[in-house]
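Morning, everyone. Please look at the model on the screen while I talk. I'll keep this short.

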Amino acid sequence: MSTSAQSVLNDFRAFLKKIKAYEEAIGLMYWDLRTGAPKKSVEGRSETIGELSGEMFRMSVSERMGEYLNTLGEPETFAGLSEVDRKIVQVSRKEYDRSVKIPPEMYQAYVVLTSKAESVWEEAKHASDFPMFRPYLEQIVKTNLEFIDLWGYEGEKYNTLLDMYEPEMTVDALDRLFGRLRERLVPLVEAISETAQPDITFLDQTFAKEKQQSFGLFILEQMGFDFAAGRLDETVHPFATGLNLGDVRITTRYLERDVVSALFGIIHEGGHALYEQNISPDLAGTPLCTGTSMGIHESQSRFWENVIGRSRPFWSRYFVDLQRTFPGQFNGVAPENFYRAINRVEPSLIRIEADELTYNLHIMIRYELEKALFNGSLQVADLPAAWNEKYNEYLGVRPEQDSVGVLQDVHWSGGSFGYFPSYSLGNMYAAQFTHTMRRELPEMEADVAAGRLLPIKQWLCDKIYRYGKLRDPGELVREITGESLNPDYLVDYLEVKYKNIYRLS
Ligand code: ZN
């Protein structure tokens with residue numbers, strides 16, 4: 001590479017590092033807003049986030065950025081770049097082409113809007129008051145539709161939003177993938193509903209929050225979470241945020257009457273955190289230093305939460321520790337009883353507390369509502385009624401108030417439309433990766449039963465974590481499993497697991 005190209009590359013990397021610094025500061029402010037910032041700080045903090053985001057945005061759409069990308073994108077120069085730098089240029093180009101179409105003032109106003117909307121949502125949810133939240137949501141949807149018109153779209157407008165979280169994903173593809181799940185999972189859920197339920201009476205107790213926390217921390221440590229590079233805090237809606245390789249934070253919500261809700265939340269967010277903590281240091285400070293897509297990110301959280309955390313080998317090893325944490329509270333309960341209790345399948349109202357099997361139906365509902373909001377067949381004002389109708393249709397339950405209905409999730413308040421499908425995609429990816437993992441780590445189940453989780457973490461580091469955004473989701477799946485995303489692995493896994501638990505033939 002010529003000296004001038006080398007010097008452009010160095011400047012470009014320094015420029016990106018500065019953008020990343022803004023991103024980190026903003027991420028930390030969001031974390032603060034959601035983990036105990038004083039109520040009166042919200043308004044001002046939202047403005048500050050708006051200012052910093054605006055600055056970051058102006059840098060990312062600046063002429064300078066355009067020049068870097070043009071220079072480094074010239075075929076001869078591009079060919080001389082390292083694999084990492086080529087990918088950085090490609091990823092930055094895609095971001096740039098998207099962002100340059102949005103006027104900076106419009107973007108900044110949107111950041112302020114969503115930041116305020118999240119706080120309003122929290123209050124509205126608490127008061128079960130959808131009308132309080134409605135004007136914010138209407139404005140968010142309206143702005144997203146304006147963004148889509150500026151970005152352009154192929155086929156459905158919603159495709160443009162899907163692509164932000166899962167590159168190349170479309171309504172057509174999702175209709176097919178979800179169709180396959182629906183076809184085989186609905187009969188399974190029906191068969192289960194006609195079968196005797198496992199005993200869960202021993203879960204109906206009070207479990208001290210501090211003890212739940214200490215057990216959660218213990219399991220995180222077993223998974224290989226690096227506490228020198230992360231922490232666990234409390235919040236209304238659990239999340240994980242990777243600020244940099246040395247600072248990955250997760251949160252959970254403790255319910256004293258539920259011993260597993262916070263725990264599986266911790267394992268879930270812990271899965272996200274392991275991904276973010278183990279990206280190759282070569283990618284630090286670059287746009288590649290994050291998960292490759294939301295679907296792949298969710299595959300990691302849901303792998304740890306469900307495939308490992310809700311498995312029989314896991315509880316054959318760790319139930320004794322849970323018993324020790326809550327002395328006397330699990331007397332006479334065998335690990336197998338606990339395993340069956342935590343895998344009880346029951347249609348319910350709340351997504352984050354849904355069982356592994358019906359979970360996908362919660363996602364399908366949100367997917368269909370989002371699709372309808374963005375193709376114009378549904379208005380925000382009609383959302384609560386449509387929500388309740390779909391819950392009745394798919395799950396046979398109907399929310400009596402919006403706090404446990406349409407207001408339950410934080411996503412829409414942050415403008416994250418197109419995100420929900422990631423959860424089901426994550427389940428599909430996870431099942432497909434697990435299929436390969438079992439072949440390559442034949443001792444996997446015995447390892448889990450012996451409390452050796454680190455070989456599994458290492459496999460994920462080698463195959464997935466270390467690449468960050470260097471490999472696209474489709475590439476990653478094909479390289480690891482030898483084929484593209486196939487929903488049958490998920491359905492096969494769920495059928496085997498739940499037919500065993502419910503003793504169905
Ligand atoms: Zn997640």
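First, the ground rules. This is a predicted model, where local features need pLDDT of at least 70, side-chain atom pairs count only at pLDDT 80 or more, and totals for chains, interfaces and linings use all residues. Residues are numbered from 1 along each chain as its sequence is written, and side-chain values use heavy atoms, with hydrogens and water left out.

Start with helix α1, residues 3-34. Helices here are DSSP runs of H or I, at least four residues, numbered from the N terminus. The expected span is 1.5 Å times one less than the number of residues. Buried means under 20% relative accessible area, with a 1.4 Å probe and protein chains only. Just after α1, Gly36 takes a positive phi of about 120 degrees.

Next, Ser46. It sits in helix α2, residues 42-60. Is Ser46 buried or exposed? Buried, because its relative accessibility is 0%. Which residues does Ser46 touch, not counting those up to four places away in sequence? Val112, Ser115 and Lys116. Contact means heavy atoms within 4.5 Å. The C-alpha atoms of Ser46 and Thr114 are separated by 8.9 Å, and these two are 68 residues apart along the chain.

Now a helix pair. Helix α10 (residues 209-223) packs on helix α13 (residues 312-325) at an angle of about 145 degrees, and their axes are 10 Å apart. Axes are lines fitted to C-alpha atoms, for helices over the stretch in contact, and angles run from 0 to 180 degrees between N-to-C directions. Among the residues that meet are Phe215 and Phe218 in α10, and Trp315 and Tyr318 in α13.

Stay with α13. It bends by about 45 degrees at Tyr318. That bend is the angle between axes fitted to the seven residues ending there and the seven starting there. Tyr318 is also one of the buried residues of α13, along with Phe314 and Leu322, among others. What covers the buried residues of α13? The cover includes α10, α11, α12, α14 and α18.

Last stop, Thr436, in helix α17, residues 421-440. Thr436 is buried, because its relative accessible area is 1%. Leaving aside neighbours within four places in sequence, Thr436 is in contact with Trp459, Ile480 and Thr481.

Notes
Helices (H or I, at least four residues) and strands (E, at least two) are DSSP runs, numbered from the N terminus. Buried means under 20% relative accessible area, exposed over 50%, partly exposed in between (1.4 Å probe, protein chains only).
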